[in-house]
2 protein chains.
Amino acid sequence: MEDDIVQQVRRMSQLYAYTSIQMHETVARKAGLSGTDHKYLGFLMQKGQMTAGELASLTGLTTGAVTGMIDRFEKKKLVKRKFSEDDRRKVIIEPNTKNIMALFEPLYKEFRTQSEALLAGFSKKEIKVLESYFAKAIEIMQSTTKKLEQP
Amino acid sequence: MEDDIVQQVRRMSQLYAYTSIQMHETVARKAGLSGTDHKYLGFLMQKGQMTAGELASLTGLTTGAVTGMIDRFEKKKLVKRKFSEDDRRKVIIEPNTKNIMALFEPLYKEFRTQSEALLAGFSKKEIKVLESYFAKAIEIMQSTTKKLEQP
DNA sequence: ATTATTATCTTAGTGGCTAAGATACTTATT
DNA sequence: AATAAGTATCTTAGCCACTAAGATAATAAT
């Protein structure tokens, strides 16, 4: 029946998620970071600079934990603290893209080329299928997370 | 160009992985577990019973950490320790499927039905595309992880 | 039998996390 | 302008999971 196929893909997507966590953590350790630090550094890279408070609310960590994380990043020259001009209580965290890239690129390089090769093997139509799946699956996961986070 | 599309899907797959981590951790916290505990409990469920040592090498944790983890699981009645018949040094960890399901099912229920609905919306051909992508992507990630773990 | 190996547990020490409070700056009120 | 309230980050104490190393107990090898 169709159900079996659906179940199988569902299980595969689960394994996919799990495997990516594993890789992510392995890369982190290789780079001398914890899994969470790696994750949140990715945040910073994606969003560009942000304040410590923004990072705290985005990560769900307490401000104290964020302070410690920024300390660790700063010690490794991966970010720089800067006081905001218009509000000097605010601490702007500026990722040092060059250093961060230098740290992770060698670790991800092969993975990246392989992933690109994999995707290049799909037709335009097939890529659209993947795209549509990802978009909707992401939405589902985000709404699930949101609902759970409420009381 | 084609490259742009590939890059975009690659970025989406990254976001997909990240979002699934977030959901996974949120579910874990709701269940009163840490993210890692949730992950490794999933291991146990999938593989059925295994020994403490197998769990240690599979997770990469030290045997001490595994002992602590089993203690936490046991306290919550999620697993049971049993000494192996043929080698009484070995500790077999038996997941209590019923209790584990009871803990997680309510948290995953809606997600599960939504995921199934999403997949049911794809044609057989399209599902094959997803399947093939997942299978190959998983392989790439596993080989990346393996290579990094070696030297 | 004795020795080596294997499987798990125990213990001491480390590090990141939370919660609560301290510090420093900004905004609102009078 | 002076004081109070609010906001952003940092600091500190205490907790908990982790590692590393060694202890304990059972099995395998000579």
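Let me start with the surface near DNA strand D: by class, it has 7 charged, 7 polar and 4 nonpolar residues. Keep in mind that this is a predicted model.

Of the atoms of DNA strand D that come within 4 Å of the protein, 66% belong to sugar and phosphate.

Now some individual contacts. A polar backbone atom of A:Gly53 sits 2.5 Å from a phosphate oxygen of DNA strand D. A:Arg89 goes to a base instead: an N or O atom in its side chain is 2.6 Å from a base oxygen of DNA strand D.

As for helices, α4(A) gives the most to this surface, with 3 residues. At least two residues each come from α3 (52–59) and α4 (63–75) of chain A, and from α4 (63–75) of chain B.

On to DNA strand C. There are 18 residues around it, and A:Arg89, B:Gly53, B:Thr63, B:Arg81 and B:Arg89 come nearest.

B:Arg81 has a side-chain N or O atom 2.9 Å from a phosphate oxygen of DNA strand C. B:Arg89 places a polar side-chain atom 2.5 Å from a base oxygen of DNA strand C, and for A:Arg89 that distance is 3.5 Å. The largest share of this surface, 3 residues, comes from α4(B).

Definitions and conventions. Residues are numbered from 1 along each chain as its sequence is written. Chains are lettered from A and ligands numbered from 1 in the order in which they are written. This is a predicted model: local features need pLDDT of at least 70, side-chain atom pairs count only at pLDDT 80 or more; totals for chains, interfaces and linings use all residues. Side-chain values use heavy atoms; hydrogens and water are left out. A residue is near a molecule or strand if one of its heavy atoms lies within 4 Å of it. A polar contact is a pair of N or O atoms within 3.5 Å; within protein, one must be able to donate a hydrogen and the other to accept it, and residues adjacent in sequence count only if both atoms are side-chain atoms. Helices (H or I, at least four residues) and strands (E, at least two) are DSSP runs, numbered from the N terminus. Ala, Val, Leu, Ile, Met, Phe, Trp, Tyr, Cys and Pro count as nonpolar, Asp, Glu, Lys and Arg as charged, and the others, Gly among them, as polar.
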